[in-house]
Amino acid sequence: MKIKASRASNFGNGKSIRVPGSKSHTIRALILATMSEGNTKITNPLKSADALSTAKAVQKIGAKVTFVDDENYWLVEGCGNNIHLPEDEIDVGNSGSLMYFISPVLATLPGRCVINGDESIQKRPVVHLTDALTKMGAASFSQREGSVCPPFEFTGPINNDKVLVTEGKLSQYISGIMMASTRLNGTTKLELTDPQETPYLSMTKYWLDKYGVTSTISEDYKNISVTGPVTLKAHDVIIPSDWEAVAFPLIAALIANENIVITDIDDSGTQGDEKIVELLQDYGADIIWDKDAKTLEVNPQLKNKTAEEKNSLYRILNVKGTSKKISMAAYPDAICALCVIACFANGKTVFTDIDICRKKETDRIVVMTELLKSLGADIEDKGDTLVINGHSPFVKTSGGIEKNPDFKMHGGTVDSYLDHRVAMSLACYGLFLPETDAVYVKDAECCNVSFPGFFDTMNSSLGTNFTSAEK
């Protein structure tokens with residue numbers, strides 16, 4: 001499916017949108033419910049491709065999942081200590097989270113297991129995971145000679161006889177080991193030499209706390225411990241809204257200079273991507289986070305304004321000082337949205353600690369550099385940093401608000417590379433363009449990985465102008 005994104009006359013004007021539940025929370029909930037004794041009711045799950053891959057996988061190892069979509073919950077019949085290896089391989093689809101979470105859990109069992117996935121997954125190095133499993137006593141390796149990517153296999157069981165010393169740049173396999181440690185005897189100790197994506201480690205501890213598991217994480221995230229074995233008992237859970245999904249209507253409204261409200265915002269502090277609000281406010285974005293009402297309001301000064309009045313009140317985003325540095329170590333999934341907004345802010349933005357962003361569905365640094373450059377951006381991949389020299393579409397002059405002659409962004413056709421965050425970010429960029437220009441995003445249906453029905457939801461809730469295109 002190719003999507004056309006261009007400016008819409010009925011976008012915004014105080015309209016509201018509710019984003020779906022968190023993918024990261026949903027996948028953790030499904031796996032821990034599977035490891036539990038009894039039935040778990042998961043309310044507000046994200047029915048995304050990754051979550052459905054997880055539901056399919058856990059049913060191959062002993063659980064049963066019933067989808068009650070009309071009442072917005074899923075029922076999981078856990079298998080507790082009767083969890084078993086699958087009869088054939090586990091197909092994780094496009095889900096790195098599922099791959100990294102379920103592998104250590106299944107490696108606690110004696111026997112051989114094979115993990116595979118789609119074409120994208122088969123390009124993602126898993127050497128950090130296979131090395132960790134090997135250090136814990138399993139035999140683990142890629143099935144392709146000379147490769148470090150799936151399909152890979154392992155033969156367990158793993159143990160916690162020694163402190164696991166590992167890099168920890170990718171948090172997902174560390175979270176998987178934390179969950180697996182609930183099935184091991186004694187205390188599992190992990191020493192991370194370079195911990196990144198740390199909010200996701202806190203999220204895993206949040207879930208272990210819910211199940212009464214004793215675990216600790218040091219202030220610098222370099223030392224983690226989990227004490228087992230623990231018999232997990234099922235209990236009902238509610239999935240909070242997804243901050244990673246919040247990013248897209250948020251930047252859409254800022255780019256298009258429109259007033260919207262995002263409802264049911266998660267304020268639990270378990271999702272690192274909530275940092276995007278602070279980062280955008282540093283650019284001068286006008287965003288109000290009402291934690292009592294659980295809402296984000298974007299551009300409140302534009303509420304009920306005419307198009308002419310909006311133009312006269314155009315909020316110009318600026319980098320404070322000569323340049324702005326943003327470390328992506330803690331929230332790498334935000335890189336695509338932040339790259340787009342940086343193109344619309346006057347000044348230089350330098351993204352640091354970007355290596356983690358190269359190890360997702362795509363090398364998002366390479367992909368965003370290529371695609372944004374094709375749309376007129378001044379962006380450069382410098383290896384250890386990503387530099388964007390941004391320009392606001394408008395500038396303030398003595399005569400008022402005028403078009404910025406240095407703003408060179410334009411429309412065009414871009415490939416999503418089957419990366420959901422790439423597709424949604426560039427589609428939102430297109431909302432600034434006039435109806436005579438547009439961004440065309442190829443294979444845009446990949447958004448279903450984390451935001452099912454993204455384009456329909458944006459159109460129906462906010463009045464955006466996303467249409468199917470054959471160009």
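Buried means under 20% relative accessible area, exposed over 50%, and partly exposed in between (1.4 Å probe, protein chains only). This is a predicted model: local features need pLDDT of at least 70, side-chain atom pairs count only at pLDDT 80 or more, and totals for chains, interfaces and linings use all residues. Residues are numbered from 1 along each chain as its sequence is written, and side-chain values use heavy atoms, with hydrogens and water left out.

**Salt bridges**

The structure holds 26 salt bridges; each puts a side-chain nitrogen of Lys or Arg within 4 Å of a carboxyl oxygen of Asp or Glu. Three of them are tabulated here.

| Pair | Closest N to O |
|---|---|
| Glu37–Lys233 | 2.9 Å |
| Asp209–Lys205 | 3.2 Å |

Glu37 and Lys233 link distant parts of the chain, 196 residues apart. Glu37 is partly exposed, at 36% relative accessibility. Asp209 is also partly exposed, at 40%. Asp209 and Lys205 both lie in helix H6, four residues apart. Helices (H or I, at least four residues) and strands (E, at least two) are DSSP runs, numbered from the N terminus. Lys123 is exposed at 59%, and Glu119 is exposed at 56%.

Helix H6 (residues 198–210) lies across strands S11, S12 and S13; contact means heavy atoms within 4.5 Å. These strands belong to an open sheet of four, ordered S10-S11-S13-S12, with mixed pairing. Two strands pair if DSSP finds at least two bridges between them. S10 and S12 each have a single partner strand, so one side of each is left without a neighbour in the sheet. S12 pairs with S13 in the antiparallel sense over four bridges. There, Ile217 stands opposite Ile224.

Terms used:
Axes are lines fitted to C-alpha atoms, for helices over the stretch in contact, and angles run from 0 to 180 degrees between N-to-C directions.
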